[in-house]
Amino acid sequence: MKAVRRIYSIPYTLWLLLFVIAPVLLIIYQSFFDMNGQFTLENYQIYFTSGTYLAMTFNSVWYAFLITAVTLLISYPTAYFLTKLKHKQLWLMLVILPTWVNLLLKAYAFIGIFSVHGTVNQFLGFIGIGSQQILFTDFSFLFVAAYIELPFMIMPIFNVLEEMNPSLISASRDLGANNTETFRRVIFPLSLNGVKSGVQAVFIPSLSLFMLTRLIGGNRVITLGTAIEQHFLVTQNWGMGSTIGVVLIVAMVAVMLLTGEKRKGGRIK
């Protein structure tokens, strides 16, 4: 059986080596070279001493936090409500359906919705408010980013809530707890693993957004993802772009460690 398992693991191992580990090692390697191909530590020195890059880092973390918070506030009650529906699988499929549409197509769709002559402004004009600048604002960026990330937060929370033992909730109510106390003391603590998985699935990609910052935010929202795109495609400073990529990788690993399951004494806490 062990031999069979090893054979089955070969494709996954090759995929991991070629498309995960190798690219990360190449980025780390490239970060130690300047535009002339000379080995240097200057890229890291510039990054950690530059107010511009530090501001980008703060913006990336801040906007990723806002996107995650907005997504969580919407996703948790949505997932909880879905578990109570009769045809929950059908509704869940409708939640997942937008992920089948290409990200670029969704971005252009929202450009049409939020533009000066778009659907939202037409409605605002109809009710007498008048046309507003919605596109290229922080609101439009957060709204679209949260919309795109919603399914990735709803799914893990829904799965945890769906697999929760109903007898625990019944026992809580039998012991005199009301709905609020049952949720606070039983349901929410038992669903934290789903919340942590959802935070990982949303916060980590949100750290490196660059397409939405350009198309929806109008480059008003400058993040590390935007800086990486500029260094690789415009300035051709691959060393600096790789350095920022290394910082993002470290940040993502830190988020995974902070939100991962902690083991103590051989048991998961």
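**Entry 1: the whole chain**

I reminded myself at the start that this is a predicted model. I then looked up the secondary structure and found 13 helices and two strands. For the overall dimensions, I noted that the C-alpha trace spans about 70 × 70 × 35 Å along its principal axes. The chain has 269 residues, and buried ones make up 36% of them. I also checked how far apart in sequence the contacts reach. Of the contacts with a separation of 6 or more, 68% are between residues 24 or more positions apart.

**Entry 2: helix 2 and helix 3**

Next I turned to helix pairs, keeping in mind that two packed helices are described by the angle between their axes and the distance between the axes. I began with helix 2 (residues 42-49) and helix 3 (residues 51-82), whose axes are 5 Å apart at an angle of about 70 degrees. Angles of 65 to 115 degrees count as roughly perpendicular, so helix 2 and helix 3 get that description. On the helix 2 side I listed I46, Y47, F48 and T49, which meet G51, Y53, L54 and T57 of helix 3. Sorted by class, this contact has five nonpolar and three polar residues, with no charged ones.

**Entry 3: helix 4 and helix 7**

How do helix 4 and helix 7 pack, at what angle and how far apart are their axes? I read off an angle of about 160 degrees and a 10 Å separation of the axes for helix 4 (residues 88-96) and helix 7 (residues 138-163). An angle over 145 degrees counts as roughly antiparallel, and therefore I logged helix 4 and helix 7 that way. The crossing of helix 4 past helix 7 is left-handed. I noted seven nonpolar and two charged residues here, and no polar ones.

**Entry 4: helix 8 and helix 9**

For helix 8 (residues 166-174) and helix 9 (residues 179-190), I found an angle of about 150 degrees, with the axes 10 Å apart. That makes this pair roughly antiparallel too. Helix 8 crosses helix 9 in the right-handed sense. From helix 8, L168, I169, S172 and R173 take part, and they meet N179, T182, V186, I187 and L190 in helix 9. The class breakdown for helix 8 with helix 9 is five nonpolar, three polar and one charged residues.

**Entry 5: L207**

I then moved to single residues. L207 lies in helix 10 (residues 192-207). Is L207 buried or exposed? Its relative accessibility is 3%, so L207 counts as buried. Leaving out residues up to four places away in sequence, L207 touches S60, V61, A64, G225, L248, A251 and M252. I also checked L207 against F65: they are 142 residues apart along the chain, and their C-alpha atoms are separated by 8.7 Å.

**Entry 6: E229**

E229 is buried, with a relative accessible area of 16%; the cut-off for buried is under 20%. What does the side chain of E229 make a polar contact with? I found the side chain of R214 as its partner, at 2.9 Å. Beyond four places in sequence, E229 touches F210, R214 and V234.

**Entry 7: D138**

D138 is in helix 7, and it is partly exposed at 31% relative accessible area. Its C-alpha atom and that of G217 are separated by 6.5 Å, although D138 and G217 are 79 residues apart along the chain. Leaving out residues up to four places away, D138 touches Y63, R220 and V221.

**Entry 8: two positive phi values**

Most residues other than glycine have a negative phi, so I looked up the exceptions I had flagged. F136 has a phi near 65 degrees. F136 lies in the loop between helix 6 (119-126) and helix 7, and it is partly exposed at 38% relative accessibility. Q236 has a positive phi of about 60 degrees and is not a glycine either. I placed Q236 in the loop between helix 12 and helix 13 (238-259). Q236 is partly exposed, with a relative accessible area of 44%.

Terms used:
Residues are numbered from 1 along each chain as its sequence is written. This is a predicted model: local features need pLDDT of at least 70, side-chain atom pairs count only at pLDDT 80 or more; totals for chains, interfaces and linings use all residues. Side-chain values use heavy atoms; hydrogens and water are left out. Buried means under 20% relative accessible area, exposed over 50%, partly exposed in between (1.4 Å probe, protein chains only). A polar contact is a pair of N or O atoms within 3.5 Å; within protein, one must be able to donate a hydrogen and the other to accept it, and residues adjacent in sequence count only if both atoms are side-chain atoms. Contact means heavy atoms within 4.5 Å. Axes are lines fitted to C-alpha atoms, for helices over the stretch in contact, and angles run from 0 to 180 degrees between N-to-C directions. Helices (H or I, at least four residues) and strands (E, at least two) are DSSP runs, numbered from the N terminus. Angles under 35 degrees count as roughly parallel, over 145 as roughly antiparallel, 65 to 115 as roughly perpendicular and the rest as oblique. A crossing is left-handed if the near helix is turned anticlockwise from the far one by less than a right angle, and right-handed if clockwise. Ala, Val, Leu, Ile, Met, Phe, Trp, Tyr, Cys and Pro count as nonpolar, Asp, Glu, Lys and Arg as charged, and the others, Gly among them, as polar.
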